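I opened this entry to record how two chains meet. My notes follow the order in which I looked things up.

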Amino acid sequence: MADDRARAVELESKAKPWPAIPIDTQEEVYAGVPDSAKDYNLYLESAVHWKDAHKKPEALDRLRVLDCSHTTMIGHWCSSLLAELGAEVIQVEPPGGDPLRKLVPLGRKHYYFYDKERGEPVGPHFLHEMRNKLSTTLDLETEEGREILKKLAVHADVLIENYPPGQFDAWGIGYRQLSEINPRLIYTWVGQRGQWGPLKDKPGMTEIAAEASCGFIHGTGIPREQGGRPVKSAMWMADHVGGTRAAIGTLAAALYRDRVSGRGQFVEATGAEAVIRILDYDWAWYGMDGSIRPRYGNWDLAINIYAVNPCKDGLIMVGGGHDRLWYRIWKTVGKDRSELEDDILDDKKLRMVTDRLPHEAQVKTYTNLTEWQKGKSRAQAEKALQDEQVASGGVTYIDEVAEFPHYKYRGHVREIDDNLYGKVLHAGSAFKAEKTPGRVKWLGRPVGYDNEDVYRRLLGFNRDDLKRLSSEGVI
Amino acid sequence: MPRARTGGKKAATENSDFEEWCQQEFNPAAAFSKPEALKGYRVLSCTQYILGPSCAAYLGELGAEVIKIEQPRTGEPMRHTTPWNEPLLYPLSRWVPERGTGLGFFGANYNEYFVGLDFHRPEAKELMLKLAAKADVVVENYRPGTFDRWGIGYRQLKEVNPRLVYAWLGGFGGWGHGRGRASYDILGQAQGGAFGITGWQEEFGGFPSKHTIWLADYWGGMMQAVNILAALYWRDTVSGEGTFLEYSQVDGVTRQLEWSLPVYGRYGVVRQRWGGWDTELCVNGIIGCGKSSYPDSDNPQEQEEGYITITAYQDEDFIRLCDAIGRQDLAKRYPELDSRVLADSQREIYAALEEWAKDKTKEEVASVLDKNDILNQPVWNAKEVAEQPHWRERGSIGWLDDPTFGDVLAQGPGYKLSETPPRVRSAFKPVGTDNEFIYAKLAGLSNEEIEQLQEEEVI
Amino acid sequence: MPGEDNKGLILHCECGVKNYLDPYAFFNFSGKTRCASCGQVYSIELQGGFMTKGPDKADGEPDRLPGYAETADFEPISGPGKTAPSPKPRADILGRPKPITQSIRGRPVSGRPLTKEDLVGSKPRMIMEG
């Protein structure tokens with residue numbers, strides 16, 4: 001560990017400071033724009049700027065959430081969103097911490113982050129999703145641990161868990177039992193495929209089972225016909241989508257409780273079903289004539305032009321699904337390569353928007369377009385297309401995302417000076433709002449950092465209790 | 001990585017009625033005998049494409065009364081997109097029965113009322129103000145400032161209705177350098193950073209790849225729905241006040257980048273793509289199986305060789321996996337996650353798995369893995385998914401008797417609430433279907449006025 | 001018209017046919033391809049979409065077929081053995097609106113063009129009346 005830490009220090013000393021290029025000021029962003037043309041933008045900016053977030057109330061600060069999920073990200077993602085919006089989220093981890101804390105990309109332990117008080121390592125993925133949360137530990141495999149959870153549940157509005165189906169119920173701390181203790185409790189179970197039904201979750205199942213079982217992987221990647229194979233999301237995407245779905249369900253239940261019924265309910269959300277919900281037209285198409293949606297790489301089955309293709313320094317997206325944009329794109333191409341423009345515009349087969357959808361038409365379209373852009377960088381192609389008001393943009397890599405002037409200015413990417421972890425680059429809350437914006441107050445905590453606060457404040461434990469529970473491994 | 005403390009590998013429900021109880025509690029067939037969480041909320045959806053529409057549709061699933069406002073006669077652009085230009089649902093509207101709506105529109109406009117309103121016409125403003133006075137939420141995704149210029153933006157609508165939650169969605173947001181930029185889903189994926197890290201590595205002939213769902217749109221709509229529900233919660237339990245919410249699609253995509261930003265910021269390392277494998281767990285990835293499961297099918301999707309995902313990152317699971325494929329040497333050399341997850345180890349391990357699977361179908365691979373208690377999931381195509389009894393029983397995919405279009409296979413809401421379940425009652429409707437009902441109910445228009453406005457294509 | 005301007009993703013064959021070398025298959029490619037019309041095999045090497053070697057006439061079997069091809073007057077040339085296969089959702093794709101009256105389980109669905117007489121308000125009569 002000492003070696004890893006030394007290596008981390010060395011890497012850190014060599015890394016470029018962020019931002020490498022200073023964040024633009026408002027004057028720079030709107031330089032030369034007449035008042036009338038920026039009035040609305042400045043109004044919006046004043047209404048929702050992230051720097052003012054801390055002057056404003058929090059939408060959910062009356063909700064207390066116990067997040068008992070661990071080893072997958074779906075529950076953490078759900079509670080992250082609630083925490084950004086102000087809920088008091090208490091992370092209930094097994095003693096020793098959520099196994100996710102140990103994960104680093106490609107086993108590179110020199111990517112750990114260390115807190116200032118204990119010097120305890122934590123993986124960057126886990127840290128990024130522990131925003132605004134309190135860290136407590138509790139061993140739910142012990143009788144006493146479960147009794148403590150029951151006491152905590154009295155004080156909670158929401159409980160999130162992702163244990164194998166029925167585990168909490170068998171332990172006497174499931175929805176059926178906790179709702180007796182606290183009828184106002186909203187109990188949200190999250191998983192990959194469900195806690196009931198023939199494909200219900202198996203212990204240890206990860207997000208990839210959701211991506212594969214919902215049809216997403218089959219449909220993603222370069223088609224076999226072009227030498228490709230299916231691929232998953234780089235991210236634990238189904239956890240993110242499922243966790244967002246869980247947050248919607250949880251908030252809808254909270255709204256119903258506090259407006260109408262006064263009672264909580266049982267919410268269930270899974271990664272696979274959340275993605276099934278948003279897999280476009282796959283099911284409707286199959287139901288109409290048995291079609292099985294193929295992968296179509298970085299092109300689109302239903303829109304042309306609407307694709308990413310290679311250029312000189314990477315890949316670039318060009319979009320123009322209707323006639324006006326179609327002609328503007330070929331006009332742009334024609335400025336450099338008139339024969340390519342002619343090859344498209346003289347072709348009667350491509351006159352109608354819908355005629356451009358069959359595969360052969362798409363091959364012709366994108367071969368011509370790529371022939372034009374292959375000698376251009378992403379920035380050059382984007383500039384040429386934007387001169388004709390065509391939406392386009394390069395596929396950006398992480399260093400470029402981090403330095404994108406627009407993102408830095410708007411706080412999509414920002415640095416927090418966290419009181420435990422120091423300066424950490426992260427994605428800010430995407431919840432921009434006039435009255436109750438989302439925000440990041442701190443990034444994360446070491447294992448059990450808030451045990452004393454939570455157990456004293458909510459359960460009245462004294463130092464003897466805490467000492468005993470800790471030495472017996474219950475917390 | 002220590003084993004997750006889950007009470008062991010045996011499912012706890014074997015001797016319990018928990019599963020049956022869940023089936024009853026969440027029974028999708030009983031949804032309509034239960035109340036709706038958002039009953040009494042009215043949402044105006046002034047949206048097109050997917051990002052904005054889906055956001056409003058999610059509220060519609062929960063029982064809000066959602067009114068979709070579209071360009072009269074032709075409707076919004078997404079109605080005119082469909083895969084390979086083949087499947088369409090007719091009529092587009094009662095005025096244009098010979099044309100249909102493409103399936104690109106499907107799924108983003110559940111449970112809504114459909115009215116026409118041409119915002120470019122002077123009469124539109126008055127009508128919009130009348131509707132907004134009675135709405136709880138406006139969802140809108142025109143270019144920033146367009147509605148403001150038309151006199152129906154947040155600044156004007158909050159004057160007629162201070163309780164209004166006004167939710168704007170778009171590509172880059174309405175302020176900052178990119179305020180004028182248009183965006184689409186894949187542009188959001190590309191510029192937000194998710195595209196560059198997804199896809200097979202170069203050594204596999206791969207390229208950066210888009211998520212082949214309109215992910216930044218459909219999921220972005222969900223994010224804004226979360227923000228809307230929080231704003232309504234605050235309005236109805238605390239303040240009584242409306243608000244303005246802004247969602248930028250690229251902002252959302254960047255939010256999903258996990259460890260990428262912290263590691264770049266602290267250590268200067270730029271995350272690269274890692275194909276069908278996992279950067280943090282091994283084994284937790286996709287392998288190719290050499291044989292097709294349906295060699296006699298004439299469908300190219302079924303002729304394709306199979307793929308399967310395998311999860312065996314726990315030490316004891318990995319040992320059993322190595323035993324199953326006859327490569328105990330790998331278990332000896334990579335006994336811990338720390339050593340398995342290194343880049344070169346992953347290359348070697350996945351190559352060995354593919355070598356073992358090259359003469360098998362994905363089902364044959366699954367059967368061996370199941371016998372050895374190793375988590376796996378065949379990569380299912382749309383037909384295999386659609387035919388799974390699991391999704392049907394849970395109401396995640398099912399036949400919908402759509403009031404307009406008949407027998408359509410549709411995705412369900414995808415999550416469950418025991419007391420106030422979300423539900424689907426219609427996929428969508430033709431343009432302007434509910435002109436008479438909505439304009440009479442909310443704008444007090446007479447039959448004659450409605451007919452005239454329809455004639456003039458204002459509504 | 002092979003020559004100096006024949007150095008990219010559109011391979012102009014001697015026979016006058018334009019062979020479209022679709023970017024994801026050919027942007028970086030070294031090997032043989034074949035004109036979709038006359039069957040002439042070419043040895044080519046492309047780097048970043050620029051042809052760095054060839055096109056040189058060659059013998060033998062192609063490594064990869066063009067994505068699509070056309071005559072100079074826009075007559076399409078495609079199909080098995082000529083161009084690379086297209087990803088397909090079914091064997092029998094049409095590429096144009098496909099009239100559908102029944103779902104795959106045999107119940108009515110409104111998937112074909114209608115007339116005003118087919119409608120009751122905004123709804124198809126066939127669905128209204130079963």
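The notes below start with one chain and then turn to the contact.

**Entry 1: chain B.** I noted that the model is predicted. I looked up the secondary structure of chain B and found 20 helices and 14 strands. I then took the extent of its C-alpha trace, which is about 80 × 50 × 45 Å along the principal axes. Chain B has 459 residues, and 63% of them count as buried. I also checked contacts in chain B between residues at least 6 apart in sequence, and 67% of these join residues at least 24 apart.

**Entry 2: the contact between the chains.** I looked up how many residues take part: 164 from chain A and 161 from chain B. On the side of chain A that touches chain B, α10(A) gives the most, with 18 residues. That side has 94 nonpolar, 40 polar and 30 charged residues.

**Entry 3: a helix pair.** I followed α10(A), residues 237-261, to α8(B), residues 215-239. Their axes are 9 Å apart and the packing angle is about 20 degrees. Angles under 35 degrees count as roughly parallel, so I wrote down α10(A) and α8(B) as roughly parallel to each other. The crossing is left-handed. Among the residues that meet are A:L251 and A:L255 in α10(A), and B:L229 and B:Y233 in α8(B). I recorded the classes for this contact as 16 nonpolar, 2 polar and 4 charged.

**Entry 4: a strand pair.** Which strand of chain B pairs with β14 of chain A? I found β8(B), residues 243-248, paired with β14(A), residues 432-433, in the antiparallel sense over 2 bridges. A:A433 stands opposite B:L245 in β8(B).

How values were computed
Residues numbered from 1 in each chain as written. Chains lettered and ligands numbered in written order. Predicted model: local features only at pLDDT ≥ 70, side-chain atom pairs only at ≥ 80, totals over all residues. Axes fitted to C-alpha atoms, helices over the stretch in contact; angles between N-to-C directions. Helix = DSSP H or I, 4+ residues; strand = E, 2+ residues; numbered from the N terminus. Parallel < 35°, antiparallel > 145°, perpendicular 65-115°, else oblique. Left-handed = near helix turned anticlockwise from the far one by under 90°. Contact = placed C-beta atoms within 7 Å. Nonpolar A, V, L, I, M, F, W, Y, C, P; charged D, E, K, R; others polar. Buried ≥ 20, exposed ≤ 12 C-beta atoms within 10 Å, placed from the backbone. Pairing = 2+ DSSP bridges.
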